[in-house]
Amino acid sequence: MIRWSTAGESHGRGLIAVIEGIPAGVELSTSGLEAELRRRRGGYGRGTRQSFEQDRCAFISGVRHGKTLGSPIAIEIHNSEWLRWDSVMNPDVVDPDELRRSDGHGDDRELARNRRLTRPRPGHADLPGVLKYGFYDVRNVLERASARETAARVALGYVAKELLRHVAGIVIAGHVVQVGDQRAPAQILDIGDIENIENSPVRCANARTEQLFIDVIDTARRLGDTVGGVVEVVAWNVPVGLGTYTVWHERLDAQLSAALMSIPAVKGVEIGDGFASAGRFGSVAHDEIFADPSGFSRSTNRAGGIEGGMSNGEPIVARMAVKPIPTVPHALRTIDLASGQGAAAIHQRSDVSAVVPAAVIGEAMMALTLAGQVVQHIGANTVGDLANNIAAYQQRIADQLDGEFFQ
């Protein structure tokens, strides 16, 4: 079984990511990890923070000479701004006088970061967080609730992707299908489209739509606003039968939906044509099954590769609705908890849109979900044994199709 967790605050010393259950022998590298984190930092609509967050990272345990050991893997992502936040986020008690002075740059913002935050931001975890935990400083909530935590998820997603690639040739890609009210034409994404997506500043496979997405983001920036959109994540070469119909919490669609919904700013998830199929008649909502020389085939994939809680051999397709970032430059209205009076919400440094990086984060969550299913249902202690087990499982299915079904 794969279990994973993250720790750390947005402006803390760094982030820690830990994953256990990864078999021995998966090839990993620090350069590969850093490349994956660069993908998260990029994308049109990002703010200035991404230019100096270098995501300097290191494997702390579980990897030796480029291969996993089968033991828990720990990854540290250093915060390049830590020296500027040492007094504010220090885990030890800090002299109150230290919190009342600037860092010497003569910038009022340097002093402001030390002050207690009392104006919760609409759309964030701020207000329910301070009420739930009995805090009087919103910073105690926003530092952990920050989307910065997703860097740790992307780091773990790199590990899961490499495992899936090694043992089953599974490939995962995320791309943007909508920004604001502009939507890309419906298309069936192919592995060959990945290069175009990676080269696009908005992770879009269609060159014409790419410019429309850029224009929407530019308009939001010009208006001092933010904009959301929709991201699609696809996984190819997923073995049939991951998940189950027998136990609710082990259903693949349930686990995948929960994983994607847990990403900050995601407010909706669908598998395949989920919401569109709700408006169709049953005669056109489902994927008909045909016989071919290799067994079964489908002419459509409206189910998004999952039927009855299990992968059905088609590509896994999931979409996420990403809301506009609620930290808008002109600040939404809120209440100052210190006075009880109306006020403008806190305005932390912010992106114009989080849609593009959400595609990379979605890939990570898809990879972690599928890796967990592979290890749980087909598992082994080494990557070689796991690959052999998957091959044997797929051969058993092929034999079943060649034998009983078509005699």
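Here is a walk through this predicted model, from its core out to its salt bridges and an annotated site.

Let's start inside. The largest nonpolar core takes in 76 residues, and I75, L163, I172, V231, M366 and L370 have the most contacts within it. Helix α13, residues 355-378, supplies the largest share of this core, with 16 residues. There is also another core lying apart from it, made of eight residues, among them L189, I194, A205 and V234.

How far apart are the end C-alpha atoms of α13? They sit 34 Å apart, and since 24 residues at 1.5 Å a residue should span 34 Å, the two values agree.

Now zoom in on L163, one of the core residues with the most contacts. Leaving aside residues up to four places away in sequence, L163 touches I2, I22, P23, V26, A371, V375 and L386. Two of those names, P23 and L386, turn up again when you move to A380, which touches P23, D385, L386 and N389 on the same terms. You'll find A380 in the loop between α13 and α14, the latter covering 383-405.

Next, the charged side chains. Searching the whole structure turns up 20 salt bridges. One of them joins K161 and E363, with 2.5 Å from N to O. K161 belongs to helix α7 (residues 150-168) and E363 to helix α13, so this pair ties together parts that are 202 residues apart in sequence. Both partners are tucked away: K161 is buried with a relative accessible area of 14%, and E363 is buried with 1%.

Another salt bridge runs between E198 and R39, where the closest N and O atoms are 2.7 Å apart. Here, too, distant parts of the chain are linked: E198 is in helix α8 (residues 194-199) and R39 is in helix α1 (residues 30-41), 159 residues apart. E198 is partly exposed, at 36% relative accessible area.

In general, an α-helix has 3.6 residues a turn, so residues three or four places apart point the same way. This pair is out of the way as well, with R139 buried at 6% relative accessible area and E143 buried at 2%.

An unreviewed UniProt entry gives a "binding site" feature at R144, A145, S146, G308, K323, P324, I325, P326, T327 and R349. Of these residues, P326 and T327 are included in the lining of the largest cavity.

Methods: Residues are numbered from 1 along each chain as its sequence is written. This is a predicted model: local features need pLDDT of at least 70, side-chain atom pairs count only at pLDDT 80 or more; totals for chains, interfaces and linings use all residues. Side-chain values use heavy atoms; hydrogens and water are left out. A nonpolar core is a set of buried Ala, Val, Leu, Ile, Met, Phe, Trp, Tyr and Cys residues joined through side-chain atoms within 4.5 Å. Buried means under 20% relative accessible area, exposed over 50%, partly exposed in between (1.4 Å probe, protein chains only). Helices (H or I, at least four residues) and strands (E, at least two) are DSSP runs, numbered from the N terminus. Contact means heavy atoms within 4.5 Å. The expected span of a helix is 1.5 Å times one less than its number of residues. A salt bridge is a side-chain nitrogen of Lys or Arg within 4 Å of a carboxyl oxygen of Asp or Glu. UniProt positions are given in the numbering used here, feature names are shortened, and annotations may be inferred rather than shown by experiment. On a 1 Å grid over the protein atoms alone, a cavity is a set of points where a 1.4 Å probe fits but cannot get out, and a pocket is an open set with protein on both sides within 12 Å along at least five of seven lines; lining residues have an atom within 4 Å of a point.
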